[in-house]
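Open the model in a viewer and keep the selection panel at hand.

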There are 4 protein chains.
Amino acid sequence: MPRPLNVALIGTGFMGRAHSNAWMSVNKFFDLPLDAVMHTVCGSDLEDTRAFAERWGWGRATATVSELAADDEIDLIDVTTPNDLHRAHAVAALAGGKHVACEKPLAGTLDDARAMRDAARTARARGTRAYVWFNYRRCPAVAYAHGLVAEGRLGRLYHVRGQYLQDWGGPATPLSWRFDAARAGSGAHGDLNAHVVDLACFVTGDEITEVTGAVETRFIRERPSPGGGTGPSTVDDCVGFLARFRSGAVGSFEASRLATGHANSNRLEINGELGSLSFDVERMNELEWFDNTVDAGRRGWTTIMCTTAGVHPYVEAYWPPGHALGYEHQFISQAADMIREISGGSAVVALADFDDAYRTQRVLDAALISARQRQAVSLDDPEQ
Amino acid sequence: MPRPLNVALIGTGFMGRAHSNAWMSVNKFFDLPLDAVMHTVCGSDLEDTRAFAERWGWGRATATVSELAADDEIDLIDVTTPNDLHRAHAVAALAGGKHVACEKPLAGTLDDARAMRDAARTARARGTRAYVWFNYRRCPAVAYAHGLVAEGRLGRLYHVRGQYLQDWGGPATPLSWRFDAARAGSGAHGDLNAHVVDLACFVTGDEITEVTGAVETRFIRERPSPGGGTGPSTVDDCVGFLARFRSGAVGSFEASRLATGHANSNRLEINGELGSLSFDVERMNELEWFDNTVDAGRRGWTTIMCTTAGVHPYVEAYWPPGHALGYEHQFISQAADMIREISGGSAVVALADFDDAYRTQRVLDAALISARQRQAVSLDDPEQ
Amino acid sequence: MPRPLNVALIGTGFMGRAHSNAWMSVNKFFDLPLDAVMHTVCGSDLEDTRAFAERWGWGRATATVSELAADDEIDLIDVTTPNDLHRAHAVAALAGGKHVACEKPLAGTLDDARAMRDAARTARARGTRAYVWFNYRRCPAVAYAHGLVAEGRLGRLYHVRGQYLQDWGGPATPLSWRFDAARAGSGAHGDLNAHVVDLACFVTGDEITEVTGAVETRFIRERPSPGGGTGPSTVDDCVGFLARFRSGAVGSFEASRLATGHANSNRLEINGELGSLSFDVERMNELEWFDNTVDAGRRGWTTIMCTTAGVHPYVEAYWPPGHALGYEHQFISQAADMIREISGGSAVVALADFDDAYRTQRVLDAALISARQRQAVSLDDPEQ
Amino acid sequence: MPRPLNVALIGTGFMGRAHSNAWMSVNKFFDLPLDAVMHTVCGSDLEDTRAFAERWGWGRATATVSELAADDEIDLIDVTTPNDLHRAHAVAALAGGKHVACEKPLAGTLDDARAMRDAARTARARGTRAYVWFNYRRCPAVAYAHGLVAEGRLGRLYHVRGQYLQDWGGPATPLSWRFDAARAGSGAHGDLNAHVVDLACFVTGDEITEVTGAVETRFIRERPSPGGGTGPSTVDDCVGFLARFRSGAVGSFEASRLATGHANSNRLEINGELGSLSFDVERMNELEWFDNTVDAGRRGWTTIMCTTAGVHPYVEAYWPPGHALGYEHQFISQAADMIREISGGSAVVALADFDDAYRTQRVLDAALISARQRQAVSLDDPEQ
């Protein structure tokens, strides 16, 4: 009989639901040494939070976030608040000896991110873990792609292309914290490029050493206010940048909320000497693979349905071959891997910790500097 | 605060897991007048069943199926046993006044299916409901396609093509109840053509009146026995048939377990005078739509990502646009619709009852007769 | 310096243009022992035919078809007339010692087809050749697929699916000889199923031994007359049938002119124990290939761009890798192969002769009998 | 009866063949006021050139390029030589009063390009035309896309993404003039980015005003020499850059010869407020179109098969709907449009003249400067 892992969740929005579902489901699908217990949920409005707790099966509801780090029963604090609050919540949790699972991007500013990384390093020395929900790593197609690169099946890497394209940010979309630079730090950049930079570095096992050029654009400067009238939209709508990797590969990255026709295209393509990979989260069960070592006549892009138990990571926990997984399974699988590591075991593929997320944040920051200074920015100095 | 709906589940295999997940999740995602309670699970091995109950949160475990129909607390019995047991379990449940949710195909034989249909008719007069888990109806793309046809957007229907192609049934696949005609009734035919016939009739709102020709084939006649050696494989590996619909449309149907390259391709294409539709469950979040009324220059097959809240059925209960649903959501959505109907409300799209499933079984039976007699078989007599 | 091969063409319609282009281009792209000379073109209207001759570079124009077989200078007669005229033109040409290249289907009736086959057998003994323009055999993707099957890369064949779907035959399409049973013999069936049956037999190297069921439908019974008013449309709009091959594989075939959304989808899919193939002429430069012998994780449908010189047949004669061929290249390549055989060499892949085309015609005939008699029709008797 | 347009061709390589085919075919498919006559072909080796002339039907062969500009019979000189010779050949031809059709890129250096542009301006005043073979403009899908943007169907443009990815430039590919900076000017950049920049500006009707960042890479520095041993490869293997358009749209461009898996992917995607377009020359008969004004439920990427006569430009000259065009038709259609303009009529869509090609060359030059200086480069000064 597994021991409990008491979890507290901060935030009851879209991510609060996705994480609740993950904690509810993780021990149903996976055999694990710890049993996730949905101990407490914390939200800004107590009544709403109580309703959320009842619906999702959280044992307790509170609106007092400071209780959590002080509560001896709680083992892990899951942070899904707006980016500007990540630092306060995560640092307090770590100081209280709680493991932390924080939504991405790590923070709204590089200063916050650095402080969080440092807190996590300190905590880690005491056995406390700090993770970031870079959920796409645990999409079976992505985790499998990571393995193909690690095995050397792509050979020398030439090109890495990451795009995260959405189209919900048109001029009619009303203001929210996501369009407020003070709350969100940035727009599409922190929200979406955070994912693709993490994804690209995870799959390649490589590191970005230079942003060679970047463009940041605010197409929409005024938006409808929920309360009537309009107000300023102060974040980027899209950011693109070019990069070099330590291995010599060249990269291009782009995030947009104005890419009409792309509801949620998180795409990565990698071209290597021996093979190429391509992935789009809109077809998340598929990986495109080009094996350059096959005879010329039969060479081509191969659509791998990544649902084979025992071969494609995580899928044996769920359904038979050809039965699609959805968005939420990435969160369930990450919950499983965090539980494995916390209990002394190994994740199926590497979890993103605060060091990883800080490196991603440095790249994002360099891209904004490059866009403003209109020149290349090196990241190849000793990491701060 | 919703009243409880006490559910009992028979069977702890693949479908037992999928249904458990549905009952666990349904009230998290949907606002419903009844709260599904996972009351009892019943399996053939008591110890295994207890472990299953603990894992999935069923309140009680039993190996005595007859208890269920007699248990006053239980409101609904969910049947996921092999096809030859459906009749006994479902008829007993209905006789005990329990609602029934039965896996497809309705039964292993047409006689069993007719008896079940008759029992359901009797029970219905007393307010008891009997449903079949034709889960693909509640895939958002399918439910939306149904609406497009119902609105007349395809005009007169010409062609209906249904295929359910799998490839796990090669010569190395060992024997199981699924390859035993006595247990399963048929092979690919009952397992897979049941789905495509239901899907085709549901989406078109039409009825098959003739099987004009059919072919049934057993490619693999001997398989490895799990216990060593080999034994006879007595079911079809594939069945194809041609059909006419009441509307005059012509149909072709095919089920195979030897369609190399198709893990789970459940496909439907419909061509009408004003438009065409195409669907493949391997890309279950997408519907292909051809609008023949658009200007010639801009006409083409349109890939609709069926994830728009408020427009594509069911999706508003889950995640934002572009975030893929998986296989299991169809079951969660069917659980929601059954709860709605049982509590006096309406399903989002029509649930398959035992009358529907019996009609499907008649078509499957006619196909086998056609294959054996090498001639067309009419279904256009007054239904038996 | 190659000797001339003097060619006469009968017909100046769509096929007359495609063949003219082939004869004009063949010696530009291919190194061949004979030089095709565009000697004479014959059409029903002399003035139109003269204009056609001038445009395309035919040396002479005539409206008197009987001249051709009698003209000592002419080596080969190319027949592109309506189906009911094929017999008269081809038999006269062969009797006159001319090689024949006849458009498909071989004839409008099985009797005509048999007479043509017999005439070709007689002529062949004297060294005269008779070919049918089953052009799709020489699409590089198809010719390559043929080679993959011949090498045994698909292993035992289970399924063969052929479809030729078009959508130009809606109720607004006016009458022409193609809708007149007396001229055309049949509708979609002879026009389109002729192609897919030839394609399926060519690629598999197999033979159809039974039509196990068929459906023929005339959805549109009245059409606008070009001269005003309406008139009867007396041919099928679609014909589907199921079949068995000598190898035991099962087949399904379908031709339609009412498949909304399909301008010209000539599709073939073959599933074998070791691999599968799929082709659609709408993407004629691509072959879909599933290699079932690859490791499970990397197995999938591979899109082969069939433009690699020296590997994919014919392409080295044209453009570099990745540069698409079009519809007409199949005709140019067939002209090249006919010239090779006529001059004593070998075609790159087998040309369809009148024996092949007669066998295809027998299958088409059996499908119509099956549809009318509502029962299976065997083709496994000694061929008539 | 049309008057002749006497054409002389310089160069007998890959482009020499493609252009010969165009001049041979243009009056077969198109009704035009001038009849292209294949008057003279000029190559460096006289014997080879004579064989080429005989094969393709050129009236005369020469190895003396200076004859052409002096030959009173010749009306148009078609230049397909290496980039460093374009200037000499084109300027001499224009000075001799000949129309010029020059392969792209306009030249190997910006100085050459400027001199050619100036010569063309002077010649134009005397009624002499100078065109560049930016063949992709006349792909029906591209020409149609241009029309959709011009009609305003995309609304305000946000994103323009151009990529030309090939994969033939791996380390085993031997040296040729294309890898020699002195002959070619650049590598993938001039060869491929020239196409995508022209394509992007043509389809959008917009102009690039800034290169905001660029990366140029030489992955392969040594290659096998055809004569044995190895030698230096002195051109870029890939160049990527970010750009701004006058309209405010942001652009990204990339050319590579090391994009494993891409034989010839010339891709353009444009996202606008009202719609999006996407094109890949590997599927050159298709245009992807997303209409953002369609009802939310039926909105999606639409694959338009651009083969509808009377709607999609150029196709009515060739084959029926659904019958694929190939690479060479773009050249035939450009030959038709040049003949139309030269004879006083209008091209179906705008031909690229030397002004257009010079503007493209300026962008390419700015990208290389940006890559070397590691900073943004403005093009928004009064054009030189």
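Select A:Thr303 first: its bridge partner in S16(C) is C:Trp301. Strand S16 (residues 301-305) of chain A is joined to S16(C) by three bridges, and the two run antiparallel. Strands here are DSSP runs (E, at least two residues; helices are H or I, at least four), numbered from the N terminus, and two strands pair if DSSP finds at least two bridges between them.

This is a predicted model: local features need pLDDT of at least 70, side-chain atom pairs count only at pLDDT 80 or more, and totals for chains, interfaces and linings use all residues. Residues are numbered from 1 along each chain as its sequence is written, while chains are lettered from A and ligands numbered from 1 in the order in which they are written.

Next, show chains A and C together. In contact (C-beta atoms, placed from the backbone, within 7 Å) are 15 residues of chain C with 15 of chain A. Strand S16 of chain C gives the largest share of its side, five residues.

Now move to the sheet in chain A. Six strands form an open sheet with parallel pairing, in the order S3-S2-S1-S4-S5-S6. Strands S3 (60-62) and S6 (130-132) stand at the edges with a single partner strand each, so one side of each is left without a neighbour in the sheet.

Methods: Two residues are in contact if their C-beta atoms, placed from the backbone, lie within 7 Å.
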